[in-house]
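Please look at the structure shown here, and then follow the report below, which goes from one side chain to the wider fold.

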Amino acid sequence: MGLLAVPVVHDRERAKAKRLGELGLSEEILVRAVLSAEMDRRNTSSLEPRTAAGFKAWAAACRELAGELNSQGWRIDETGGPFRIVNPETAIAVLVVNGDD
């Protein structure tokens, strides 16, 4: 008889959740930020400047993440650079970046 291969199962969802947890984040928090951004993007009027949709989406994602993470001890920091939410215990920072693609 030959050797039997032992199947290896890679659970990407579990690994992703574990890594996000190590960073103090969760997929749910990130998805809520993206949904909030998209809602504000879609609520932009043709009477607003061309850049309004992107700015509103970015600001909504920042607002949602800051609201969620602030209750967990994270703080907003804009010193010397862009808007970011920082975990003061781990020095991990989250920045929101959006684009067309």
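## T44 and its surroundings

A polar atom of the T44 side chain lies 3.3 Å from the backbone oxygen of D40, and the table sets this value beside a second one for the T44 side chain. A polar contact is a pair of N or O atoms within 3.5 Å; within protein, one must be able to donate a hydrogen and the other to accept it, and residues adjacent in sequence count only if both atoms are side-chain atoms.

| Backbone oxygen | Distance to a polar atom of the T44 side chain |
|---|---|
| D40 | 3.3 Å |
| R41 | 3.0 Å |

The model is predicted, so local features need pLDDT of at least 70 and side-chain atom pairs count only at pLDDT 80 or more, while totals for chains, interfaces and linings use all residues. Residues are numbered from 1 along each chain as its sequence is written, and side-chain values use heavy atoms, with hydrogens and water left out.

T44 sits in the loop between helix 2 and helix 3, where helices (H or I, at least four residues) and strands (E, at least two) are DSSP runs numbered from the N terminus. With a relative accessible area of 22%, T44 is partly exposed, whereas S36, at 12%, counts as buried; buried means under 20% relative accessible area, exposed over 50%, and partly exposed in between (1.4 Å probe, protein chains only).

Leaving aside neighbours within four places in sequence, T44 is in contact (heavy atoms within 4.5 Å) with A52, A53 and K56. T44 and K56 are twelve residues apart in sequence, and their C-alpha atoms are 7.9 Å apart in space.

S36 belongs to helix 2 (residues 27-42), and, not counting residues up to four places away in sequence, S36 touches A60, R63 and E64.
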